[in-house]
Amino acid sequence: MTEKMSLPPKYDPKSVELDRYKFWLEGKFFEAKADKTKEPYTIVIPPPNVTGRLHLGHAWDTTLQDILTRLKRMQGYDVLWLPGMDHAGIATQAKVEEKLRSEGKTRYDLGREKFLEQAWEWKEEYASHIREQWSKLGLGLDYSRERFTLDDGLSNAVKEVFVKLYEKGLIYRGEYIINWDPATKTALSDIEVIYQDVQGAFYHLNYPLSDGSGYIQVATTRPETMLGDTAVAVHPEDERYKSLIGKTITLPLVGREIPIVADDYVDMDFGSGAVKITPAHDPNDFELGNRHNLERILVMNEDGSMNKNAGKYCCLDRFDCRKQIVKDLQELGVLVKIEEHTHSVGHSERSGAVVEPYLSTQWFVKMQPLAEEAINHQNNDDKVNFVPDRFEKTYLRWMENIRDWCISRQLWWGHRIPAWYHKETGEIFVGVEAPNDIENWNQDNDVLDTWFSSALWPFSTMGWPNTESEDYKRYFPTNVLVTGYDIIFFWVSRMIFQSLEFTGKKPFSDVLIHGLVRDAQGRKMSKSLGNGVDPMDVIDQYGADALRYFLSTGSSPGQDLRFSIEKVEATWNFANKIWNASRFALMNMEDFTIDMVDLSGPKTLADKWILTRLNETIANVTRLADKYEFGEVGRELYNFIWDDLCDWYIEMAKLPLYSDDENAKNTTRSVLAYVLDKTMKMLHPFMPFITEEIWQALPHNGESITISEWPNVEDSLIDTNASNEFKLLVDIIRSVRNIRAEVNTPMSKKIKLAIKAKDENIKEILNRNSGYLEKFCNPSELIIDTKFEITEKSMTSVVTGAELILPLLGLINIDEEIARLEKELAKLNSEVDRVQKKLANQGFVAKAPASVIEEELAKEADYIEKRNTVLQRLEELKQQ
């Protein structure tokens, strides 16, 4: 038995959450024990960028993982939730270089080694910020196994994978069109490109045929790239151009003759049906150029300025070059028209620069063999299970249309590519270790794409390539990956094919997909809109438990979540309700201890009902949680705690608790202690702080609720008949309260109540439990029978099994009520008239935002509904 604590009178999340995380860490409750008597359960955290602050999406994602791991730990699993962070190559280097610029330096002033020292210092500072945010969220992470994508173990895994893929011919070095950031001068992965709608233009150009017989019209949004054109393409079946195939045009401004080629890629119904081809500056043109053996002419430098191949435009910025070329083409008469055009343009997520499709020599992974293995794996019984399953199609569609993966980045911070070039022969050496005669070799200056190392995260963190590592043998493959649908392509897919290739196993059994957190209007949160919300600010105001419960129960798998501070506040109110209910129970338990809990004796109908509802809730919560339906779990818990436990049972419990019957008191205390214990355990994965605080104050055994046993259904405590009887009483009490509210008769005023039971069985139930009806309906006279006549004007209500009759004489003064309702009717008529005049005002409707119009329409509907209710009630009363 553990000593109980007391609960302060007021629920204050800050004081509740202040030292609780430290208590959990000091108790080592989150550390995986490798207990062979238990089944392992593993989740690896999606590693956040070490430079960043956690946003609401991170808070949602990690809360879902924390729910799963806390639940499984309580269910008796040997749980490992492994934490870690990503080195975030581009983002971190940009931050460190920004700091150096403020000091008047560049990375080249420091040199690679000194620069990396500064980057590691930056990492250590910001890693502590992330751990602090994890602690505020209450995440049950095993810090004894924390990893970083650049630590020694993971670096060894990265080199091993690179070398093995190279030896199998699945990594190669070659020219390809990549996403290029001219500001940071590095290649970008697709996920690092953010598309924004930009007002641009289509420039329609007449390219003259070299033989002087006419021209062929093309259109482009990037006229500066025409300097690198090496062909014009048309569809082979396009009758307009069949006679021109094989001829040449003379490229304006440049004077270079380029061929007209035929290719099925061209859409003959789009524009003029002829397309300029720039193989060095467009991925589709690159592929077409390969098919036709076209020259690749790069016309830009890495910083986005024009190079020597641009002729007289050399050294101009690409956008300045565009303006000058447009002017020159107009003067030549080649520019036919400029058509305004809004189109989606890629921007670097890190620098904000417009991304340039750019021909570059890079390292690539040959994806087709790896993708085929991953696709085939989804056809067997051991496939990765996507939740919701519709996202499996998203995954497969991307894998089926995958392109080779550019994995090199022009950075210093990251995994340096394990390739060396011989100083004299140019020979390439690829190996885990450097060549023996290292003085004759230069290592590749580039680093690997951050996604390359994070693709190995589920198994590299467990000790791979050492397959004899204890953690690798016990905790890999993992059970669940929790992530957003926006990175299925970039991370989930890569983890799957890398794991299959190098371990022969899938990296995780399930992929639980959640959506994005949007603002209250459904917009994506962004810096430009200024609608972002810092989860730490929400925690400071409402507590981590309120934020966690809102995030985890506000949506179903795969769906987006709209953030609402009002809903977070409502969740705080829920926590406050739980606190106050627990305090009431504890104040009535006095010196009650865990060994005094006894449910074997006589129980009231309310006791039997709440124990039945508790076990129904345990069954539903456990079943729904296993299906990842946390929104439904939240509704089950909310309804049980708020409605059943707080609003009904605790009110009913006051009858025996305030009586002189000590046996009845002890039974009620036992039920309260038992129900609150199981309820706190069910709620704990969602609201860990408040549940630990309350559980410590309740009669209990054990050090912490985090390692207590998950509730199991106790069939012996389920009494369906008693539950149905109690539901009948609740229906009756609720109906009487509704009638009182309808006619403005307070509960304190006694009224006559007659109940016509459907049969003798219902009559016996109601008579046996008349004490509840006397207490909660407050009748001046209670009549229960199967037959009687209504001889006076009354209000009635029908519930399942009975009819309620409440004589009007005791309820209201009819004349006074008619006067009150007529006054209310006049007020409502005025409101309806006001809002309808407002909506009829065309000036208002034309200028007001749509949200304001909707608000006024909602007011109109509400006033009309209330007015109709009042009119109906007046008509009923005047007929009495």
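Where in the chain is Gly271 found? Gly271 sits in the loop between strand S11 (257-262) and strand S12 (274-277). Helices (H or I, at least four residues) and strands (E, at least two) are DSSP runs, numbered from the N terminus. Gly271 is exposed, at a relative accessible area of 60%; here exposed means over 50%, buried means under 20%, and partly exposed is in between (1.4 Å probe, protein chains only). Along the sequence, Gly271 and His204 are 67 residues apart, yet in space they are 9.5 Å apart, C-alpha to C-alpha.

A word on the source: this is a predicted model, in which local features need pLDDT of at least 70 and side-chain atom pairs count only at pLDDT 80 or more, while totals for chains, interfaces and linings use all residues. Residues are numbered from 1 along each chain as its sequence is written, and side-chain values use heavy atoms, with hydrogens and water left out.

**The whole chain**

The chain has 29 helices and 29 strands. Its C-alpha atoms fill a box of roughly 110 × 75 × 55 Å, taken along the principal axes. Of its 880 residues, 53% count as buried. Contact means heavy atoms within 4.5 Å, and among contacts between residues at least 6 apart in sequence, 77% join residues at least 24 apart.

Now for helix H16, residues 535-542, where the buried residues are Pro535, Met536, Val538, Ile539 and Tyr542. Looking down the axis of H16, you find these buried residues within an arc of 155 degrees, so they line one face of the helix. That arc is taken over the directions from the helix axis to the C-beta atoms. What do the buried residues of H16 pack against? Their partners are helix H1 (13-17), helix H3 (56-74), helix H6 (112-137), helix H17 (544-553) and helix H18 (565-587).

Both ends of H16 have something to show. Just after H16 comes Gly543, which takes a positive phi of about 95 degrees.

H17 is mostly covered, with 10 of its 10 residues buried. Among them are Asp545, Arg548, Tyr549, Phe550 and Thr553.

**Spaces in the structure**

Rolling a probe the size of a water molecule over the atoms shows where empty space is left. The search runs on a 1 Å grid over the protein atoms alone: a cavity is a set of points where a 1.4 Å probe fits but cannot get out, a pocket is an open set with protein on both sides within 12 Å along at least five of seven lines, and lining residues have an atom within 4 Å of a point. Grid points are joined across faces, edges and corners, and a volume is the space filled by probe spheres set on the points. Over the whole structure, the search finds 3 cavities of 30 Å³ or more.

| Space | Volume | Lining by class |
|---|---|---|
| Largest cavity | about 80 Å³ | 7 nonpolar, 5 polar, no charged residues |
| Second largest cavity | about 40 Å³ | 5 nonpolar, 4 polar, 3 charged residues |
| Second largest pocket | about 300 Å³ | 6 nonpolar, 5 polar, 3 charged residues |

In these classes, Ala, Val, Leu, Ile, Met, Phe, Trp, Tyr, Cys and Pro count as nonpolar, Asp, Glu, Lys and Arg as charged, and the others, Gly among them, as polar.

The second largest pocket, at about 300 Å³, is lined by 14 residues, and the closest to its centre are Tyr549, Phe550, Thr553, Gly554 and Thr571. H17, strand S25 (561-562), H18 and H20 each supply at least two residues of that lining.

Residues lining the largest cavity include Trp60, Leu64, His514, Ser552 and Phe630. H3, strand S23 (508-514) and helix H20 (630-657) each supply at least two of the lining residues, and the largest share, 3 residues, comes from S23.

Around the second largest cavity, the lining includes His87, Glu192, Arg409, Trp413 and Asp449. Helix H4 (89-102) and strand S21 (447-448) each supply at least two residues there.

**A buried arginine**

Is Arg147 buried or exposed? Arg147, which lies in strand S4 (residues 147-148), is buried, with a relative accessible area of 17%. The Arg147 side chain makes a polar contact with the side chain of Asp151 (3.0 Å), and also reaches the backbone oxygen of Thr461 at 3.0 Å. A polar contact is a pair of N or O atoms within 3.5 Å; within protein, one must be able to donate a hydrogen and the other to accept it, and residues adjacent in sequence count only if both atoms are side-chain atoms. Not counting residues up to four places away in sequence, Arg147 touches residues including Leu82, Met85, Leu154 and Trp457.
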